[in-house]
Amino acid sequence: MKTDVVVIGGGAAGLGAALSAYKEGVDVILIEQEERIGGILNQCIHNGFGLQYFKQELTGPEYAEMFMEKIKDTPIKILSNSFLHSIDEKNKKIYLITPYGIQTIETKAIVMATGARERPFGSLLIPGKRPSGIFTAGVAQKYMNIQNILPGKRALILGSGDIGLIMARRLTLEGVEVVGVIERLPYAGGLLRNVVQCLEDYNIPLYLSSTVVEVRGDGRLEEVIVSKLDETFNPIPGTEESFNVDTLILSVGLIPNTELLNDLVEIDGTSRGFSASNLGQTSLDFVFAAGNCTIIYDLVDYVTLEGEKAGKYAAYYVKGEKFTGKVPIKKGKNIGILFPNYYTSRDDLILYLRVRRPMEKGRLKVGSLEREYKDLVPSEILRVKVPEKYIENYSEIEVSMEEA
Amino acid sequence: MKVVIIGGGISGTFIARELSKYDLDITLIEKNLDIAWGTTKANSGILHAGYDDFPDTLRAKLCAKGNALHFKLSEELDYDVKRTGSLVVAFDEAGLKTLEELLKRGKKNNVPGLEILKGEEIFEKEPHLNREVKYALWAPTGGIIESWGAAIAAVENAIANGLKLILGEKVIDFERKNGRISKVITDKNTYEVDLVINAAGLYGDEIAKIAGAEFIPIYPRRGEYILLDKKIGGIVNSVIFPTPTEKSKGILVLPTIDGGILLGPTAEDLSEDQKENTATSSYGLKRIIEETKRLVPSLDISYAIKTFAGIRAENPNKDFFIKESEKIPNFINVIGIRSPGLTAAPAIATYVVEEIIQDRLKINLEKKKTFISKRERIKRYSELPLEEWNEEIKKDPLSGKIICYCNMVTEREILEAIRRGARSLDGVKFRTRASFGRCQGNFCGPRILEILARELNKDLSEITAGSEKAWILNGRVRP
Amino acid sequence: MIKRFVCVQCPIGCKLTVEIKDADNSIIKIEGNRCQRGIAYAEDEIKDPKRIITTSVKVIGGELPLVSVKTDKPIPKKYIKDVMDIVKSKEVKAPVKRGDIIIENILGTNVNIVATRSVE
């Protein structure tokens, strides 16, 4: 098979990339390893999607279907049940494993939209046995929302990021007793609206500055021990509390899926995702990337926008454009996560950043731009459009957030 | 002649395979729902070269022999062993003395190729080792083995040669006649028997006690481990040991057959009632991180994907207890099989069959003419060249349906695992490596459950992670 | 007492701070809103909080066992349990189209339960 642009991943970023590449008049093939496209949106049956992009509040499946409908009307070829085996970067060929055989696709550009995976229980180094009943939030969500299965009877949730909060509500509505949400930081990880609508509404206690220090259970989980943490995040002896639950839901972080190209393209040291320019181009000129495989976003609307950008520029690349003059963007004071990693004046610089710690007032500095922001928290991505005049003629652009 | 082997770990399964070469009626009784569920599932997976053990011990006698036999057997039975070599490192002259002692011992035990390296020679082999390491004992025949893979391979081949495998039954008593054991009684059944082989691992002493035979007390020694992602694989190429102490070989850094990195084990003696205490501890995990950093300073623990603990069967004799009973003439003990039990397993099997059964008990065994010596593992499509894989998919579309993304395991492999006896999530995992990868079953777990439920004609909530108590799902959201 | 929440009436998501009299929950002051809708939202949130409920309904004969649904308008919080009871006992036959009304005018509130995806 031959094509112009291959998009790897049929989730939010991939759908955006495929459509926008197609709009530029190139041939597009969309690859998806699951049976259905839509990615994680299919199981996110809650609200909060599309406020920016569609100017309406939608659920995940609605958001996904709106793109899937658009794609159906195009000649974009969708290959589902197709697993990316390897990329031959010298010959620009990709190899797919499908139930119809090994598929080889010769392409001119690739857009990586492989999303992210959840941090597994084993990586947390929590002492105890390995009883069943410990699920990451996304897995529990898939069981409940797609497969119609309940993960347990009585649950504790570790991690107060949005997905943990959403699952607290979901479990409660379906009759699972949620005894609490445990958070290691002294403040909730997710959006305030979710703390209200998922915890306060249902009287689910939030235990801040705490973490799980042991799990117990023979076969199935029976008990979880939680301890309070000091300022250096070490458990304070004597503060252990026992929770009798058969289910532990983990919402402790997402990791970009970059493994297939780890040796071929630059990976950002902090986000562990693909490094890319403001055009979505990685260090390999024909490979673009967008979405959670670059940094972990909080709004799917941004993922769509970045996917569309990457798809567009992948198409321009196919049409012969060369993108030069990449200026590195560096993280300065108080910046935790930053994307993109490079700027070319071919398009606007739209920054996505997370501050390292909460700030009531912060002064953002990018090039010669200075702007004040209020109520900054690490859990919310700040999206900043930086007009060209503030960043032209810099050989390196530093982004920093001074506490004001 | 009816033989009953009690225990489906590395010892029991290898003995079963060896015995299945002969005209015998063999039954292996395992108390857990799958074989290799005890120590055999949770250990370091090391092929020891054989220099550690004192020359007059059975351990020493059978380790180097077993090491060599594994290479032959792994080809016949299609399981994974790799001769990566091993290095015991020393930071000072006192350590060097220990290495020299090991070298001497090793030579006495017929361990080939041992030599003491110093300085740059060490770092040429292992560039990420702490530069403060001064000396190292290099053992080229040391390596790694997938312990449960070996046990599964042995038992599958034994079954092909007539072995009856009984799972989920616990031996609780014996019936005696004329001073010999005439029946083995489990919690579900009774089996007539002419010869009993006790390979019950951690419970070997209890089984021997019930039988009225001699025994040695078995006490549990817990070892904790941390497993790191394949991404960091290659940080060491061989098995790295610190300088050993009286008590144990120490906390190691080693590659796994899968390409990951394993750190561990600790060595903690627990009381006799703690044989099932496979919990990790915060102090144990901390010790692993501290001590392995001393060996390989650039180890990045953020690559950890799993922690676990295994229990070894320790005994005060500090040797294998492989003996026919004098009190009960048709009872053979194969217990106290801790390190290097995994390495010695093939040699233990031939020792039991040739020296004990044939020579000492003078039981005449007839070799089967129809013995099937080869067994093939579940075909791993991801290891095929793409053209071959393509051919397979054309014949069998399910071999092109990837279920476990991290390890590229296909639906065909999972179905084959179920056909070969997998009844739980763990049963599938250990036969296919699905869920062993970096997402630890997050993507494939739900789909494997679906496949198990479909193939076993059960509801999704009836499928367990492994043991009966390990239920996973609790009924429907919308019944 | 001070209550804080994020207004969800539009994409801006103003962070509202509302001061209420402890005795009778009456509103003293609303701050943080950029328009009048924020005031209406704040008043609602204090007096009769409403929520959009998202959940699932059983599907008969579909390629998937469940269809995800939502209330097409926010519904008073106090009805959540009753809404869930009704939803839990409802079944719908495939095919279902996104936007289909699964339960009309639930509990007489003029709010419908609508499908948020299609199930063949």
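Two strands are taken to pair if DSSP finds at least two bridges between them, and the views below are drawn from a predicted model.

**View 1. The hairpin of strand 15 and strand 16 of chain A.** Strand 15 (residues 210-216) and strand 16 (residues 223-228) of chain A run antiparallel and are joined by six bridges. One residue pair that can be picked out here is Val212(A) with its bridge partner in strand 16 of chain A, Val226(A). Six residues stand between the strands of this hairpin, and Gly219(A) takes a positive phi near 85 degrees.

**View 2. The interface of domain 1 and domain 2 of chain A.** Chain A is divided into domain 1 (1-119 + 253-323), domain 2 (120-252) and domain 3 (324-404), and the C-alpha centres of domain 1 and domain 2 of chain A lie 31 Å apart. The contact involves 12 residues of domain 1 of chain A and 20 residues of domain 2 of chain A. Together these two domains of chain A bury about 1,300 Å², with 44% of that area on carbon and sulfur atoms. On the side of domain 1 of chain A, the residues that lose the most area to domain 2 of chain A are Gln43(A), Glu118(A) and Arg119(A), which together account for 54% of what that side buries.

**View 3. Polar and charged pairs between domain 1 and domain 2 of chain A.** Two salt bridges are found across the interface of domain 1 and domain 2 of chain A, and 10 residue pairs, both at pLDDT 80 or more, are in polar contact between these domains. The side of domain 1 of chain A that touches domain 2 of chain A consists of two nonpolar, six polar and four charged residues. A salt bridge within chain A is formed by the side chains of Glu57(A) and Arg193(A), at 2.2 Å from N to O.

**View 4. The interface of chain A and chain B.** The size of an interface is often given as the accessible area lost when the parts come together. For chain A and chain B the buried area is about 4,500 Å², of which carbon and sulfur atoms give 58%, and the contact takes 48 residues from chain A and 55 residues from chain B. Between the chains there are six salt bridges and 27 residue pairs in polar contact, both at pLDDT 80 or more. Glu35(A) forms a salt bridge with Lys401(B), in which the closest N and O atoms are 2.8 Å apart. Among the elements of chain A that each supply at least two residues of the side touching chain B are strand 6 (83-88), strand 7 (93-98) and helix 3 (137-145). That side of chain A has 18 nonpolar, 16 polar and 14 charged residues.

**View 5. An open sheet of chain A.** Five strands of chain A form an open sheet in the order 23-21-28-25-26, with mixed pairing; its edge strands, strand 23 (342-343) and strand 26 (369-376) of chain A, each pair on one side only. Strand 21 (residues 327-331) and strand 28 (residues 397-403) of chain A pair in the parallel sense over three bridges, with Val399(A) in strand 28 as the bridge partner of Lys331(A).

View 6. Most residues other than glycine have a negative phi, and most peptide bonds are trans. Asn393(A), however, has a positive phi near 65 degrees and is placed in the loop between strand 27 (382-386) and strand 28 of chain A. In chain B, a cis peptide bond with omega of about -5 degrees joins Gly264(B) and Pro265(B), and Pro265(B) lies in the loop between strand 17 (261-264) and strand 18 (268-269) of chain B.

Technical notes: Residues are numbered from 1 along each chain as its sequence is written. Chains are lettered from A and ligands numbered from 1 in the order in which they are written. This is a predicted model: local features need pLDDT of at least 70, side-chain atom pairs count only at pLDDT 80 or more; totals for chains, interfaces and linings use all residues. Side-chain values use heavy atoms; hydrogens and water are left out. Domain bounds come from an automatic or database domain assignment. Contact means heavy atoms within 4.5 Å. Buried area is the accessible area (1.4 Å probe) that two parts lose on being put together, summed over both. A salt bridge is a side-chain nitrogen of Lys or Arg within 4 Å of a carboxyl oxygen of Asp or Glu. A polar contact is a pair of N or O atoms within 3.5 Å; within protein, one must be able to donate a hydrogen and the other to accept it, and residues adjacent in sequence count only if both atoms are side-chain atoms. Ala, Val, Leu, Ile, Met, Phe, Trp, Tyr, Cys and Pro count as nonpolar, Asp, Glu, Lys and Arg as charged, and the others, Gly among them, as polar. Helices (H or I, at least four residues) and strands (E, at least two) are DSSP runs, numbered from the N terminus.
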